[in-house]
Every structure is written in structure tokens, then in C-alpha cells.
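Please read them alongside the structure.

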4 protein chains.
Amino acid sequence: MFEFSEASRHYQAALSDFMDRHIYPNEEAYVRQLAESPSRFAALPLMDELKAKARAEGLWNLFVPPSLAQFCDHDGLSNLDYAPLAELMGRVLWSPEVFNCNAPDTGNMEVFMKYGSPEQQERWLKPLLAGEIRSSYAMTEPQVASSDATNIELRIARDGDDYVLNGRKWFITGAMYERCQIFIVMGKSDPDNPSRHKQQSQILVPKGTPGITVLRPLTTLGYDDAPIGHAELVFENVRVPKENLLLGEGRGFEIAQGRLGPGRIHHCMRLIGAAQRSLELACQRVTRRSTFGRELSQHQSVREDIAKSFAEIEMARLLVLKTCKRMDEVGPKGAMDLIAASKISVPIMVQTIIDRCMQMHGAGGLTEDYCMAEAFNYARWCRQADGPDQVHQMALGKQIIKAYAE
Amino acid sequence: MFEFSEASRHYQAALSDFMDRHIYPNEEAYVRQLAESPSRFAALPLMDELKAKARAEGLWNLFVPPSLAQFCDHDGLSNLDYAPLAELMGRVLWSPEVFNCNAPDTGNMEVFMKYGSPEQQERWLKPLLAGEIRSSYAMTEPQVASSDATNIELRIARDGDDYVLNGRKWFITGAMYERCQIFIVMGKSDPDNPSRHKQQSQILVPKGTPGITVLRPLTTLGYDDAPIGHAELVFENVRVPKENLLLGEGRGFEIAQGRLGPGRIHHCMRLIGAAQRSLELACQRVTRRSTFGRELSQHQSVREDIAKSFAEIEMARLLVLKTCKRMDEVGPKGAMDLIAASKISVPIMVQTIIDRCMQMHGAGGLTEDYCMAEAFNYARWCRQADGPDQVHQMALGKQIIKAYAE
Amino acid sequence: MFEFSEASRHYQAALSDFMDRHIYPNEEAYVRQLAESPSRFAALPLMDELKAKARAEGLWNLFVPPSLAQFCDHDGLSNLDYAPLAELMGRVLWSPEVFNCNAPDTGNMEVFMKYGSPEQQERWLKPLLAGEIRSSYAMTEPQVASSDATNIELRIARDGDDYVLNGRKWFITGAMYERCQIFIVMGKSDPDNPSRHKQQSQILVPKGTPGITVLRPLTTLGYDDAPIGHAELVFENVRVPKENLLLGEGRGFEIAQGRLGPGRIHHCMRLIGAAQRSLELACQRVTRRSTFGRELSQHQSVREDIAKSFAEIEMARLLVLKTCKRMDEVGPKGAMDLIAASKISVPIMVQTIIDRCMQMHGAGGLTEDYCMAEAFNYARWCRQADGPDQVHQMALGKQIIKAYAE
Amino acid sequence: MFEFSEASRHYQAALSDFMDRHIYPNEEAYVRQLAESPSRFAALPLMDELKAKARAEGLWNLFVPPSLAQFCDHDGLSNLDYAPLAELMGRVLWSPEVFNCNAPDTGNMEVFMKYGSPEQQERWLKPLLAGEIRSSYAMTEPQVASSDATNIELRIARDGDDYVLNGRKWFITGAMYERCQIFIVMGKSDPDNPSRHKQQSQILVPKGTPGITVLRPLTTLGYDDAPIGHAELVFENVRVPKENLLLGEGRGFEIAQGRLGPGRIHHCMRLIGAAQRSLELACQRVTRRSTFGRELSQHQSVREDIAKSFAEIEMARLLVLKTCKRMDEVGPKGAMDLIAASKISVPIMVQTIIDRCMQMHGAGGLTEDYCMAEAFNYARWCRQADGPDQVHQMALGKQIIKAYAE
């Protein structure tokens, strides 16, 4: 079995306990508060209360790895150690924010930690780590297949001491949120560079910069993921000082590569939590309903679905844990095959599991009375997030063929 | 091949033409009008305009079968003849209402035609056929597995010249809609009757009757299906005159049986239209996008998905047409096996096809920019509507085993 | 529903009756006779007895279409009319030969009827139609992907008044059979022709011609399909007179195109019969076994599998019938999309259905005690026969995309 | 990651090396020797040569666990340590016998080690451990659903100092093999015992005992698994001395429980090896074939299939390793849930993976030219062996529901 550190085991117990005391009992209240909120993308008072509690109990910024521990109040948790924590948070979709561990802020904070200048860290990372502001990562564009990052077209042009941005982005998670203050924007600074991986740069753009239009929130399967949300953005002659550039011109692709591996795995971890909880709900449901004279739990097909789901969750979890271990040992690049294997396997598996669990709940299983429908949307969405599965299958297939074809 | 009557072929051409002229060009306007509507469940001006046009062109109440042709302005269309029309309407989810052919009103109108007294027909059927009011069919209950109709608990108690209703219903499609004026309510009038299929009655309850609380709209996968919607309703001492009873005490199960067969098949027809349109959108999409140097349409996996979807749509459509033909020949009861076969096959197939087509659209495929995500929800929902697939598999499996086991 | 001619309905009844009287009662005897045969590929006495009976009852050469009726003793049966007959024969894998309707002889006889000279017809077609000799169609080659016919390498070189053949073939169905006397061989007569579809010719090669080595029988999933079998053949300087050429030099591709469409559909028809029979066996089985206190037929998962299989068989059958109808109306070329749709859908569906039915039979379901295991192999094999499904998906996908992409 | 002991790592390297030197180079010779063998179930000289070599290199009886190390020449290998070794052996289906690690002898030897008397061990275990004789485990019966062991009907009746056996068994692996000398037979010694799990006993029956008829070899999907094979046996008044009873009257169920857990897991381990090898073969194949102008390896659907197979093998392997670890820690009983999860997941997954890999090989993939078709049969067969998956899903589903339903 995979061995977790003592710290991880401590946090697992503490987090599980926190969820029992503060998260599950507040699920209905959260939904209600969001429904009654004057704006879909306003911060909710309940969230702030819970954040304060989580921080007070030391359940804060748990995503930070040991190599970056100087930025947080604990000693850092490896990917393996963090996995069961992210799984626990995945049981309630909105809960990661309570622990300052929600996407895309976790990935963005890592970018700041690794590539930010001291001034950039002071200005943006500090309030992000404190949970005071939120951030977005602006990569995907509506008019091109952004899974191939070399397709990206947003222009970042040097003009004196500034850079000027023109282009369009969408699915910019967090950009709708009223707390969001900073965008990390990927674009082309050198579109004619013969090396297709040196044409891109990443640059910091404060949300309120003139020329930015937050066009609209996007939905997936009917969900707007409020208050965090996904936005479509237009950049028209958006001007920022040259100091806002991250790492250096032409290094945008490099930053993107480093950022996306762990992000994909965090999604997988959370999805496993969502599947596990759906399975538990289904087990409870089938002992409380009867049709045609038998408790649902006694129907052979129900037992088969439960058994398959249990086995699939075990397999998905083990694959993710192995991927984490490998990432901890050799870094995301050396774990590329396992990251891809997780990315193409876990979301589709979780989608199928939750589909079954909803079905066992009857019509109600599809409603907002349960967490499953929204988790189903999350799983479905992850088959597109960070690139459609097909792109990762292409890369992984190529790598495996090469490895065995001699 | 299945032969359609000349009337059906005429309507197919006229309807297809109408959709080209009035429906597709208004899809964006419809979404916008709904989004800007002061209430989610208000009638939309655009709908009224389109209804007037459709009626003027004779594309009205096409669901009415020959046996009930006295109630409509055409000679009636058999199930087979209606199938390609419903498929066309299924290409735009909200369009059936334009032609006064939307669920649950079609099924309810049939109930009125077959079982209503002349007074009931005058009072409710006439405005329904005119598209002036809308109706609901209140069967499903939250606290019991309603797919087994004998589980239903809402009480319909005789009290002098009245009946008094007490109970709870949910997933009552249309009940949220401001145009909805009448509920057909299924409940137990004789819970102690030794025959479990004679305990139920159906009764007419005007929406505004005191004691009814429209508790809330329900969502499925995040969709509220506004403005028609699905409601949760509470009945507390709701009193209606005894004349509101349909057909007679203890005949509720009989009415339900007659109503549901065609309803399921209408869903299947519309779903096939939704799948067909999704396939067409995917074909267009893959010729407009390139990744890694190749147009999507040239990827072998894209072609495989398109080919499979084409074949599956053909098979689903043929199964539905055969079912229609059989229903026309021997009635829904004699076509029970084929109705069940369609019910358990078409929605899941369509869900899978639309899932593929969305995936070929990238992240955008999941948004409201395309009709696919909402159609996906419709397909998913139909695996529960009119009873979960499992219940129909149980009944069909039993019937087939009996037929072949000697 | 699809309407069958009176002739077809007559033959359906007669064939079904013949199977009841002579085929099913001889299934065990056939297996035994084959097992005890001195050679795996010898003709079996039982087959000869049954052929005589079938011919006497007029159940002979039913595959011959109306356009070629001059070659047979009936008026010809359209593809649609033949479909239910082929389905019936598919219920017992070895039975098509009884009616002189087995692959590859049916396709080969069609080639002779359409493209053979009077001399060729007299010499080969006549005894084939009489069931006295058997034939093979030698197309697939081991060293190239033969699904792309332009890859074929066997050389057909003109030398004076002869053609000389050099090359290797495999999966040559029937070539092992002792009754087989004639091969139709596809090869390249003009490898440098700029038109890649004019490089091929087809030529008649008597089995005993010097230079031919019947290398070995091939198995698929452990089955040798004896006595018909599949052979690997080597051609070394095999010399035949120029009169043996079919149709003309460079017209091999054209002949192949015409031959393969109906062949694929015949496989589908027979597979549907195999699936239908497996389903019937499963229905019988589950009423005769109990586990854990319940008859298998009462397990919900058993009913679900039976219900799904019933629905899938209906859909597969309808797709094949529609394909036949279209072929009858516009020829195989105009029905290319539906032929491909059948080819990629029916074998995999039938494989899945039989897999389920075997599973319901316990361990015995995989043995030779039932017809299912061998039928499973037939379905699996058909996913490769006449080209792997993937090639047909590629072509069909391309065609559909083009049709809808504007 | 799961940590293997130094001993396991040593054996992994040695075994892998042995396979490179002696197994892979002899695959063709083995097939040929079997084909030319005068009897399907005779011992092959090649096997004896290889066994001598393996034993000489210390690759012998590696399945023996530490708790039973007194019976072998090494210190025992835990389930976890043995897993990668069994996986390696699974790459060539007949190779486990080379290392005296083949089913059913491994399980039978464990029965002798744990439950045999010193006399029984001397007489049967010793030559089994030396690879001199083979054994069978006779449990399954043709006329009852044997997955529910309480259904078993073979009668073991006490008569003076003897037991007399009457009944019928089938799928008795190894019983055809000429080296097989001893059967462990499960039957009912006390059919009227009110405890349904105390009615059974297990008893030793030498193969040559009068009254035993070896009726016939059984095939699965056309394979007879020669020379080990699966037999149908009849017991008519078969008389053995009372000393042949194992453990004690009424303890047959207890022995069966202990035997089957590891057996199922060994099958899974070997299947993973078979899948892994099929994947490797597919990777090699797709770089050596071209269709329609592209190498197969460049087709997106090929890459997707390779990528999915890689991910699934990883997941299956991890699940099995976790199961092993748990078995090592708490015994098979405490690992029941994971054993069942492996049993219901691994064979079906491997069947699917091998199906894909065969398909990438074209028609040849189904023949005896590759190891895949027979491995496919092994995977398919394992969905029935030790009880159909459905029975294990029933038990596992029940257990999981109970665990989470509160």
C-alpha cells in the first residue's frame, strides 16, 4: 500500500473531522445562500466564516509542496500526502476554497512561487495565500484548438515599457468571481519565432485594467459553477508594464508545462472523492427504497453496479496515488505517462460511476437535492479541462508505442 | 422501408421548411428572451408569435391520431406518420410547443379526448387544443418509488359531493409555467381495495385551487427546463367537486397505462432528432478545426465516432418506427415489448451520441452556445422519465424469457 | 414494417420447418461425425444426405437474386427477401452449406454469373450451383494490410498465352476443403498503372495447379471452421491459360467491389440468426437454474441482459433489412453507407449478445455443448472479415462528414 | 509504490532472464510439439527439459508463502512478492508449469500443506512439489450451479472403513493430463446437516480408482488447454479408504474457502501478464504496418486504444497488488472485498484489452500465430472460473452496501 507521512495522516483525520463538523452540516445553507445572493458571483458570508475556521485549525494551503514550504505555515505536503486530502475535499465541490485549495488558485499560486519576482509575490501571492483575493489563468481561446498551445493567438506586443494585449479568452475559471483581482495571461509575444514553443509568454494583468471586457459567464451542462464561474474575456489594447512579465519573454510554454501536470492530478483526486461520496449515498439510498416488493439493495443489478463502482474507485485511486508518488520522485515531466493515464481514465470512470449512482436515486438523483448532478458535470467537464482526453491519449499512445516498438 | 402516408410526407416537408424559416433563425433570440424574462416561468412573446404562425400554416396538433381526428383540424396522423414530425421538432428542444405538440400537454389532451366528459372537454380540452392554456400530469411522488404505480400515496378521499386530496408530488412537468391551469392528479381513492390496480383514481384539479402549494422548481443536471419546468407540489385538503373525477373511481391505473406508452415513444422520436442534429453539428465542426496539423475530420477516431453515431441513429430510428407501426396495428398494449425496447435503448444511445458530439466541439460543446448540452440533459432525464429504464428492463426481460422458455 | 414477398414468406416457413425436421435434430450427429472424420477437411456423409433433402424440397440456391434467376430453379430472391432466410440458416453455423448458400461459394457463384464467360460458367459455375464442387476467393495476403486492396502484391504476369502467378495468400476460406476445386485469385497484373484501382486482375486457378502449396489451416480463437476452413497458400510460378482471366485485365478491383457488399450483409444476416438463437437458449437456461434460492430468471440483472439483447437484435435486424431494401433499389454502391453501418454494428453487437448468453449458461456456455462459443468466434471473426471494422468506419465517417459539413 | 522484498526482486530478474533465454525462444517449438504429440494430453519432452532447467536455476515452487516455507527450497514469497513473478509467467500461457507454479496444482499443493496428514503429504505432496505428478480439484458439477457450493450433489457416503463416491463433475482442470494421479474431490457427506456449510467434505481419490470414468475433454471457445485440459468425470461407486478424507467430515466448505481466494488472485496476476504482452505486441505491430498511406501507429484511434490499454493495465495491476498486500496482512478472509473486486474487474478488462490488440493485428491476430487468441480465451474463461463474476458482484455489492448504509 502507499504509505502516507505522519503529517498527511494527521491532516486526513483533522480534515475529515472538520468536514463532519462544518462542511456537510452547511451544504444546504451554502446552496441557499448562493441562491439568495444578489449576484451569482459575489463572495458568500458562509464561505468567509468557514475559511476563518479552517485557517484557525491549520487546514490551510495544504497543497503547498515541501519544496515551496517557505511560503506556507506547514512543512509542505508531497503530492502523495496531499492526495487523500484533496479526495476528502472533493466530496463537497465547493469545499476546497474553504481550505484555500481550490483551482485555479492553487496552480496560480504555484506559478507565483516558482516564477514570480519578489515584487510580484509581495503584490499578488501574499493575498492569494491569505485567501483575500482570487486569480485566474487565461489560456484557452474560443477560436482555436487550445489543447495545442501553439495555436494560441492572443497577442502580447512590446510597446516601450509596456506590453499591449489583444485577443479573446474563454473558460477563464474564477474571472467572474468578485474577489478575483489578477489574471495570468498566456499569449504570443513572438509569433514568428521558428521554435513553436518559444513564441509564447505569460504576463500578469490586473482584472480592472482598461480594455478588458468580462463578456459573460459560461455554463457547462447547465451549471455556471458560481461564484467562481468560467468567463469569456475580451482584451482590447490592454496595457501593462513590462515588469508584469513572468520569467521572461518566450518562456510561456515552459511555465504552462510545469503548471498543468499537478493541476490535472488535483482534479482527479477531487473527482475520486466525488465518486466515493456518490457511492456511499447510493448504498444508503438502496436500503431505503423498495420496488415490486423488494428493497433495492436486494436487486442483483443494484449489487452489480455497487460492486463495479467500488472496484473502479479503488483502481482510479491507486492509479492517482502511483502517479503522485512518481511525481514526487522524478517530477511531473518524468511522470508524464502516468499523469496522462490518470487524466484519460479517472474523469470518464467517475462520470460513469456517478451516472449509476444518480440512476439508483430515481428522478431525484438528477436534482440539486443531491451533490451528484453537479459532480457529474464536474467529471464531464474534466474530460475537456486542460485539454480534451483525446489529446492526452494521442501523446500517451505515441509514448507507449515508442517504448515497446523497439 | 417504412412507408409514410402522403399526409405525413406533406407535413414533413412543411415542418422542415417552417423550421428553416422560423425556428433555427430564432434559437438565439429564444435563449435571450428567456434569459431576460422577468420570471423563469413566464410565457415568452416569441413563443406566441411562432405559435400563431405555425397554426396559420396548419402545423398544429399534429400528434392527434386518426381515431381522435374529430378533435383537430386534420385527419389525424398515425404514430408512424407522426414519428418523423416529432423527430424534426426534437431538433430544437423548445420547438414542440410552437406546434402545440409538447409534453405533457399532448398526453394530457389525449386523456381528455378519450376519458373526459363533454363538460370536461369543453372546459379544458378546448383551450388546450387552442394552445391557450397548459396542463400537468401529477403522478410521481418524492417519498415512494413511483415507477411502481401501486406505491403512490396521495389520498383522494370522497367527502360529500367533493373529493379531498392530501399528498405530495414532484417532477410535475409544466406546473411551474404561468400558462398552466389544470392538473390531472393520480392518487389513491380506495387504498384497501384487494386489487392493487383498482386502488387509484385520476382527478382534475385546477392549479389555483386552495390548498395547493407550488413548492419549487426542480432542476436536472442544472437545467430547470424553463418556462415549462418541473415542480414539486404539496396538496393539503385540496377540495374539488366529484364531477372532476376522470372515467370513474378505481380506474386511475387504467388511464395511466393508456397514457404512457405513446408518451415514451414521443420522447424517443424527439431524442432521435436531437441526436441527428448533434451529429450534423459535429460533422460541421470537425471540418472547421485543426489540431496538430490536421483537420479534425481527418483523425481516424473522429471518423469512427461519426460512423458509429450514424449507425446508432439509424438503428434507434428504425426501432422507433417499427414500434409505431406495431402500435398503429395492435395498440400500445400489444406493442408493449417494442415500446419497452425503445424506452431502454434510445435515451441511453442518444446520451452517448451527444456526449461524443459535445466532445468533438471542445469545451464550447458543453456550453449554452450549442443545443447539445441541454439535449444531453433531456436524454439523461428520459432514462428516468416514465420510470427508470431498469423497471422497463425488468418487465421486458420477464416477457421475453416467458416467450422463449417454452 | 418491411414487407416480404409471397415467395420469401413461403421459403421462410419451409426453411424453418426443414430446420426443425432435419437440422436441429442432427446438430449432435454433425459434431460427432466431424470429430470422427479421418480428415478435418473431408466432406461429411451427413452433409450430403441433408443437401439431397434440401434440394429435393426446393430449398436450394436461395441466395440468387431476381436479376440472375436464369441460373437457378426459382424466380430469384431480392436481398430483402433473402434476409430472413439467411437469418434462419445462421442459427446453425454449418447449415448454409445444406442449402448451397454458404460463404464464400455464394459470392463466388455471383462472380461467375456476372463476369464469367460461357465456358467458365459451364466448367465451374454449373457444378457449384449443383453443390458438387466448392470454391475459394483468394484476396487477403499475410504481409500487407489487405483491407486496402491496392496493397495486394501477388503478381499475375502475362507470359505468352499464359499468366504466371507468384505470391502468398491467407485466410482463404474453403481452400482446405477436399471438395474445393477452383480459386478466384486477385493479384496485380499491372503494378505500375498510374490508376491504383486498375493495377489488379482476377483470375481462375484450379486448386491442383502445379506450384500451389496449401501451407496450413488457420484457426481463429481456436476454431478451424472445418471442414470448410481457412487456408494459407503459396503460389510459385503457377501457370494458367489466359482464358482464365475474369472480365479483363485491370478489372480486378471492380469485381471485388461488386462482390463484397452483399457478402458483408449475408454475414450480418446469419449473425443475427446466431444471436437470436443464443437469446432463446439463454431464456430457456435461466428458467432451469437456481442460485442462492432464486431461479436465474428472477434476477434483475438477468432480465436486464435479456431485455437489452432483445432490443439490440431488433435494431440490428432492422438496420440489415433497411440495407437490403436499399441495395435492392439502388444497388450496393448506392447503399454503401448502410452496408458499412451494418458491417461495423452487427458483428460487435452480436459478439456482445452472445457473450452475455454464454455467461448465463455458466462454464458450460463456453463449451462445444452449445452452439454459442463457435457463433461467438464467427461474430468476432466478422469484425475482421472483408476488412477490419476500422476501415469501414473510416470510409463511412468520411462520407457522413462530407454529407453534413456543407 | 508497492515495495517488493529483495528476494522478489531477485526472482523477478532471474525469471525474466530465464524467459528470455528459454521460454520465448521455445514458443513455436512448444506449439509444434503439442500438435505432433500422439495424444493431446501426453506430457511433452520440451516441458520436462524446461522444468529441469528452471529447477536447476532455483525458479521452482515460487508460489509457496513464507508460512509454508518448510515445504520448499526458498524462504517463501508473500502474495505481494509473488505477484510480479506470476505476471511474468502469464506472458506465456503454458510457462507456469515450467516453474511448478501452474493451476490447479499450486492450490492443491497448498491444500496438502495446510490440511494433509503426514501420510497424505508423503504420498502426494512430495511428488507434486517435485513436479513428478499432477493433481486435480474436483468441485464443479454439470447439473447444478456450483458457484453456490451448497448446491453440490456428489455423494460421499461412509461404508465401513471406506467412503463411496457417486456423482458427476466437470471442468476438472488437469484430470485429462496423463501425469495427473490424484483428485481432491468435494462432495456431500452429510446432506441433511441443518448447517448448509457443514454438509460437505473433501476427499482424496487416486485417478485410477475403479468406478471413475474420464468422460471427455471440454473446450472453451474452441480451446482444449491441452495437455492440462478440463475433463468431465463420472464417479460410480468409487471406493476409497476413510484415511483419504481431508481434515475431517463436514469441513469441505472450510477447505474450499481457504483455497479459492489466492487462486483467483493468481489468475488475475497471470492475466495481467498476458495483457501486458499483448499490448507490447500491438505496439510493435502498429509500427510495422501501413494502411491508406499512414503507419498504423499514426492513426489517432490506434493511439487511443494503446493509451487506454496502458492505463487499464496499470489500474488492474495496482488493484491486484493492493489485494495481495492486504491478503499478506490479514489473510484472504479479511481481503474478501478486494479479492472480489479483482475477480470481477481484471478478467473482463484483460479480455477487452486483448480484443483491441488482436484487432490491431488484422485477421492474423485471431490465429495461433500469436499468443493473443488463447490468452483471450483464458481471460474469458476466468469470468466463469471459480464462479461467474455475477456471484462475486452479488457478494461484494452486499458487503459494500452494508458498510456504507449505516
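1. In strand S3 of chain D, the residue that bridges to D:Ile156 is D:Leu165. The model is a predicted one, in which local features need pLDDT of at least 70 and side-chain atom pairs count only at pLDDT 80 or more, while totals for chains, interfaces and linings use all residues. Residues are numbered from 1 along each chain as its sequence is written, and chains are lettered from A and ligands numbered from 1 in the order in which they are written.

2. The bridge of D:Ile156 to D:Leu165 belongs to an antiparallel pairing, in which five bridges join S2(D) (residues 155-159) to S3(D) (residues 162-173). Helices (H or I, at least four residues) and strands (E, at least two) are DSSP runs, numbered from the N terminus, and two strands pair if DSSP finds at least two bridges between them. S2(D) and S3(D) make a hairpin with two residues between them, and D:Gly160 in the turn has a positive phi of about 65°.

3. S3(D) also pairs in the antiparallel sense with S7(D) (residues 230-241), over nine bridges. Within S7(D), D:Leu233 stands opposite D:Lys169.

4. Which residues of helix H3 of chain D are buried? They are D:Met47, D:Leu50, D:Lys51 and D:Ala54, where buried means that 20 or more other C-beta atoms lie within 10 Å of the residue's own, exposed means 12 or fewer, and partly exposed lies in between, with C-beta atoms placed from the backbone.

5. The buried residues of H3(D) pack against helix H1 (6-23) of chain D. The 12 residues of H3(D) (residues 45-56) should span 16 Å at 1.5 Å a residue, and the end C-alpha atoms are 17 Å apart, which agrees; the expected span is 1.5 Å times one less than the number of residues. Just after H3(D), D:Gly58 takes a positive phi of about 80°.

6. Chain D can be laid on chain A with an RMSD of 0.0 Å by a turn of 180° and a shift of 0.0 Å along the axis, the copies being superposed by least squares on the C-alpha atoms of residues with pLDDT of at least 70 in both. The two copies are thus related as by a two-fold rotation axis. Of the residues of chain D, D:Met315 comes closest to that axis, with its C-alpha at 2.5 Å.

7. Between these chains, 36 residues of chain D are in contact with 36 residues of chain A, contact meaning that the C-beta atoms, placed from the backbone, lie within 7 Å. The elements giving two or more residues to this side of chain D are helices H7 (252-286), H8 (300-334), H9 (336-360) and H11 (389-404), and H8(D) gives the most, with 15 residues. Because 100% of the interface residues of chain D are also interface residues in chain A, the copies meet through the same surface.

8. C:Gly222 lies in the loop between strands S6 (212-218) and S7 (230-241) of chain C, and with 22 C-beta neighbours inside 10 Å it counts as buried. Not counting residues up to four places away in sequence, C:Gly222 touches D:Leu221, D:Gly222, D:Tyr223, D:Ala373 and D:Asn377.

Terms used
Contact = placed C-beta atoms within 7 Å.
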